Amino acid sequence: PIGYPGKTRQEIQTVFPRYVLPEDVTDRGWWNRDYEDWPTCHERAARVAEEIRAWADRDGRDDECIAFVSHGGFADALLKALFDQSADRGLFYYHYNTAISRIEFRDDGRLNVRYLNRVDHLPSELVS
């Protein structure tokens, strides 16, 4: 497999000027690796889950949203990391293309899953 760099920092900020981007989104793109195996993917998902929890835990963030755009495999790994579930392949959170999931971070550290893999914004012929 070949990894492609994706949009550059400038390209993303041009379209989404109010978005706060991580430092590793550079002018070389947001993905600067050739390939990521499953163990490495799950390790990265665990780090991202920690960052999300830290971000959500900050005071004054009650009305803010944290949005992620991801491929299905990483979405699976991230959900498992957030839910403290095993990274084994016996369970997979499948996400349709452009599917939306909503998870709320409660003040007591628990999570509320409002929905997973929602595609009602798409006509049925575009669900893939």
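**Exercise 1.** Does Y93 count as buried or exposed, and at what relative accessibility?

*Solution.* The model is a predicted one, in which local features need pLDDT of at least 70 and side-chain atom pairs count only at pLDDT 80 or more, while totals for chains, interfaces and linings use all residues. Residues are numbered from 1 along each chain as its sequence is written, and side-chain values use heavy atoms, with hydrogens and water left out. Buried means under 20% relative accessible area, exposed means over 50%, and partly exposed lies in between (1.4 Å probe, protein chains only). Y93 has a relative accessibility of 17%, so Y93 counts as buried.

**Exercise 2.** Describe the aromatic pair of F83 and Y93.

*Solution.* Rings of Phe, Tyr and Trp (its six-membered ring) pair if their centres lie within 6.5 Å, and planes under 30 degrees apart count as stacked, over 60 as edge-to-face and the rest as tilted. A search of the whole structure finds 3 aromatic pairs. One of them joins F83 and Y93, whose centres are 5.8 Å apart and whose planes stand at 70 degrees, an edge-to-face arrangement. Both residues belong to the loop between α3 (72-82) and β1 (100-105), 10 residues apart; helices (H or I, at least four residues) and strands (E, at least two) are DSSP runs, numbered from the N terminus. F83, with a relative accessible area of 21%, is partly exposed.

**Exercise 3.** Find the salt bridge of K80 and state how accessible its two partners are.

*Solution.* A salt bridge is a side-chain nitrogen of Lys or Arg within 4 Å of a carboxyl oxygen of Asp or Glu, and by this rule the count comes to 6. K80 meets D76 in such a bridge, at 3.2 Å from N to O. The two residues both lie in helix α3, 4 residues apart, which is about one turn of the helix. K80 is buried at a relative accessible area of 1%, and D76 is buried at 0%.

**Exercise 4.** Trace the salt bridges through E104.

*Solution.* Begin with R102 and E104, whose closest N and O atoms are 2.7 Å apart. Continue from E104 to R114, where the closest N and O atoms are 2.9 Å apart. Because E104 lies in strand β1 and R114 in strand β2 (residues 111-118), this pair ties together parts that are 10 residues apart in sequence. R102 is partly exposed at 39% relative accessible area, and R114 is partly exposed at 49%.
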